[in-house]
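Please look through the sequence and the structure shown below before reading on.

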Amino acid sequence: MNTDDPLEDFPDGIRADSMIDADNANDGLVESTDPDDAQGRGDNAIAVKEVEGLSQGQIVWRRFVRHKGAMIGMSVVLLIAIFAFSAMGFGPVEGWWQYQDPLRTHSMLNNGHPTLTMPVWLGGEGFALGDHPFGQDNIGTDYFAAVMAGIKTSLVVMVVLGITVLIVGVAIGALAGYYRNKVDLWLMRLTDLIIVLPTIVIGAVLGRLLAVAPDKFGWTYETTQAIYRNMPVLLAIVLGLILWPSMARLVRGDFMTLRTREFVDSARVAGASDWRIITKHILPNAMGVIIVNLSLIMSQSVVLETALSFLGFGITAPNISLGRLISDNQGAFQTRPWLFWWPGLFIILIALCVNFIGDGLRDAFDPRGKRLPSKKEMLKASIKSSPTNTELDEAVAELIEDETDAPAGTPAETTVPGPQNATTANDARDNTQEGVEDNG
Amino acid sequence: MVRYIIRRVLLAVGTLLVLSVIAHLMIDTAVDPLEDLRLSTNPNKELLIANRTAMLELDKPWIIRYWHWLSGFVTGDWGEAWVSHEPVTSLLGNAISVSFSLVIVATALALVLGCTIGIVSALRQYTGFDYSITFVSFVLYSLPVFWVAVLLKQFMAIGLNDFLGNPSVNWTVVIAVSVVFGLFWMGAIGGSTKRKGIVFGTAAVVTGGTLAGIIGSGWLDAPRLSIIGVAVIGLAGAFAVTLLTAGTGNRLALFSSLTTWGIGVALYYPLMSYFNAYAMSWSMSILLLLSAIGVACLVGFLFGGPDRAVSMRGASFVAAIMGILTWVDRLLQSYPAYYNNNLVHKRPIGTIGAMTPNLQSDYWIMTIDRFTHILLPTIALVLISFASYTRYQRGAMLEVMNQDYIRTARAKGLPERVVIMRHALRNALMPLAAVIPIDLTSLVGGAVMTETIFGWSGMGRLFITSLRQHEIDPLMSYIIIVGAFAIIMALLADFLYALLDPRIRVNA
């Protein structure tokens, strides 16, 4: 990662460092390894301390794991995936749900109302799935099976599309960025061509192509059936073939800067082939951009696939997509609103979670994004530097923490009596304010 | 420079040409005009198929069909939709204006709202406000536009129309909205705990009171601002504008704003009688607005002082506010007539189409009609692009606020208002020049969904219906127009950015 760019100082980075800087100056625990660093001793020292003995991957992973939004997003997506795949089965494996065929009609139960009941603490009558947890649609099919099948489709499309974009986008971006000149020119013309049209427009045409082709060209029954069976995968690949330009552009940009770096030159002098330089030397350094962009494309793909299916140009019958469920049932909104809510809820959940994962990845890969210590840690650090009783100090620190917004010098003294404690409180406050003001 | 422009234009034409080849080949494969006939049980099926094949030249190789289309296109014959036999040009004529009005209104709204909130969010970085805005924008970003659109159509339109028919105060909703507004303003204005409390209380009470007043007093049956409303809102606007652009310490700026406000109030009755006496049009409205701004500039200029430009700018904002308020007031006065029109059936919020069919009336009623119809599709589009603008503008503002020149501005003792409004904001807005044109293109894509769901006969819907009916000519025209639009927008983005940012040099 490119960390020596002077423009890359970020407010949080500076803030965190300047505060800890004061701490280190008092403690003298951490020693700077690079005295020439223009950022100052503390900055480098804390950076070194935090990543001591870790590989790039480990550093990124640690940052990612610390990101709450990303972790929640990750767990929710995994839960949804496990739930949907185990309920409806995957490949030859049967799922645990009693109705494996989402197209089969059942007799109408309670006018199709959902039988799912909430646990008691949520105001329900105890948790139970019932016969049709998500209700039934107008002709009596089990909506739970349909929605789960739709989630499976969405997830399959998301993953396959991600892989397609990864392969095509990275390959084209890498070639254009590494070889430049003619190769670059033509590959970038190609991306310009695809970027010109809104994705939904090309997607609709290609989706239509997929649906029309077997009939139009009179393909055999087996081929047609195979196409319909694998519709989600095929559609994902086709959509991946139009979503790669943003990936290619970013990878190209990264490659253009990386190929001029010294380590590439040295690899070339050592006799490495182009293939080896691209895959072993440059690509690992461009992984951050690739992974972050991939997560964004994947969240976009969930919405794109459902939108196309909603219009009727994406996943077609007998396959089930969440978008198709919404479009089929929008007329029943007045009488059976749950037919509308369930698929929408899961589209939003999946897209939202993937977006959060992307946000976490972006923060994790951002070389500027150093961890901002929490208020408590900062107070602790500043108190450690003042030579007094630690237990009392912590009590005071907690009080100060509650008072950070209030004007200085009011309630802290009144609640903690005694002259010595009052001075400690002031010391601590001075220290924290010093830290905060550095930032302003 | 000229060489650069020529090169870019030639490149654009080339791109469009290649695009047309690929698109034509793709669409030609994707459409199947014989689909309905192939499944039909008509006894003279063969004859029908032969006729249609001859009409659409399906028996000839693709390249011939492409050539016929291309030669027609460049000579101005854009073909016809073969199902309805309507020429493409007449289909497109209306659709373009419908689509662009939707896209432009949505972009403008999303831009103003998203950027303002993004900037405030950046200024309050790492506060509860910032985190909530981030979360909300993530949720909005993940919303599928079609889902929102169906929801709005089925839920909001019906609910809102019922509500407008019989307005009654629902206290739970009013209190919830008040609390949300209170929290919003509290987070946006910030400050000490005491100040936060005051802001929260004031905002919540004002919001709740206004809502309850509006609903409870029957204002919604005959809404109007009257001269008092115009004067009060205008005065608040005048002070707010002066506070932001010049600071109330700048007396000359304050006086020119207040004078402009005074002129606006004095012109209220003459304008109303003018509006009632003569038929209005859009061009006349815009002309009036421009002349108001001209008068305001004159006022600011006459007040003189060392920085006339600041006074003039502030005054013209006030003039625009006053003009728009007066215009809105006149519009609202026509609302009862619109509401009771037989074609509207007392259900003003439209869900289908861009206007009430067969409605023939004066400028004001027609304008209300346009507004009530554009409301829901715009909300659907704004909700989604709002999120990306917020995120984007927040990032840009943070980047700028961390620059050395901001530190310098603060170090030399400038008030925070000047630092933010003059030094930071202008630079933070610059990247928008590159983003808006590109975003317009993606909104054209988003409009495909919205138009289809809300039944607007715009470009997007034309595309969808033509694709469903296997008509290649309208599809090709759509693709070329949208493609040309995107290319022009990208060109515009480059030029605007080079114009605004002196660090970027256009080299041929």
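**Where the two chains meet**

Across the interface of chain A and chain B, the rule finds five residue pairs in polar contact, with both residues at pLDDT 80 or more; a polar contact is a pair of N or O atoms within 3.5 Å, where, within protein, one must be able to donate a hydrogen and the other to accept it, and where residues adjacent in sequence count only if both atoms are side-chain atoms. This is a predicted model, in which local features need pLDDT of at least 70 and side-chain atom pairs count only at pLDDT 80 or more, while totals for chains, interfaces and linings use all residues. Residues are numbered from 1 along each chain as its sequence is written, chains are lettered from A and ligands numbered from 1 in the order in which they are written, and side-chain values use heavy atoms, with hydrogens and water left out.

**The interface in more detail**

- The count of salt bridges between chain A and chain B is zero, a salt bridge being a side-chain nitrogen of Lys or Arg within 4 Å of a carboxyl oxygen of Asp or Glu.
- Several helices of chain A, among them helix 1 (11-27), helix 6 (181-195) and helix 11 (274-311), each supply at least two residues of the side of chain A that touches chain B; helices here are DSSP runs (H or I, at least four residues), as strands are (E, at least two), and they are numbered from the N terminus.
- Helix 7 of chain A gives the most to the side of chain A that touches chain B, with eleven residues.
- In total, 49 residues of chain A are in contact with 54 residues of chain B, where contact means heavy atoms within 4.5 Å.
- Chain A and chain B bury about 4,700 Å² between them, and 73% of this is on carbon and sulfur atoms; buried area is the accessible area (1.4 Å probe) that two parts lose on being put together, summed over both.
- A:Leu193, A:Val196 and A:Val205 supply 12% of the area that chain A buries against chain B, which is more than any other three residues.

**Chain A as a whole**

- The secondary structure of chain A comes to 17 helices and zero strands.
- Of the 440 residues of chain A, 47% count as buried, where buried means under 20% relative accessible area, exposed means over 50%, and partly exposed lies in between (1.4 Å probe, protein chains only).
- Among contacts in chain A between residues at least 6 apart in sequence, 68% join residues at least 24 apart.

**Nonpolar cores**

- The largest nonpolar core has 190 residues, of which A:Ile151 and B:Phe463 touch the most other members; such a core is a set of buried Ala, Val, Leu, Ile, Met, Phe, Trp, Tyr and Cys residues joined through side-chain atoms within 4.5 Å.
- Helix 5 (residues 143-179) of chain A gives the most to this core, with 19 residues.
- Leaving aside neighbours within four places in sequence, B:Phe463 is in contact with residues of both chains, including A:Val201, A:Ala204, B:Val448 and B:Leu475.
- A second, separate core of 13 residues includes B:Ala122, B:Met401, B:Ile420 and B:Ala428.

**Salt bridges**

- Over all chains, the structure holds 13 salt bridges.
- A:Asp328 forms a salt bridge with A:Arg324, with the closest N and O atoms 3.3 Å apart, and both residues lie in helix 12 of chain A, four residues apart, which is about one turn of the helix.
- Within this pair, A:Asp328 is partly exposed, with a relative accessible area of 49%, whereas A:Arg324 counts as buried because its relative accessibility is 16%.
- B:Arg65 forms a salt bridge with B:Asp28, with the closest N and O atoms 2.7 Å apart; B:Arg65 lies in helix 4 (residues 62-74) of chain B and B:Asp28 in helix 1 (residues 2-30) of chain B, so the pair ties together parts that are 37 residues apart in sequence.
- Both B:Arg65 and B:Asp28 are buried.
- A:Arg189, A:Asp192 and A:Arg249 are linked in a network of salt bridges.

- B:Ser477, which lies in helix 21 (residues 472-500) of chain B, counts as buried because its relative accessibility is 0%.
- B:Asn427, whose place is in helix 18 (residues 416-429) of chain B, counts as partly exposed because its relative accessibility is 29%.
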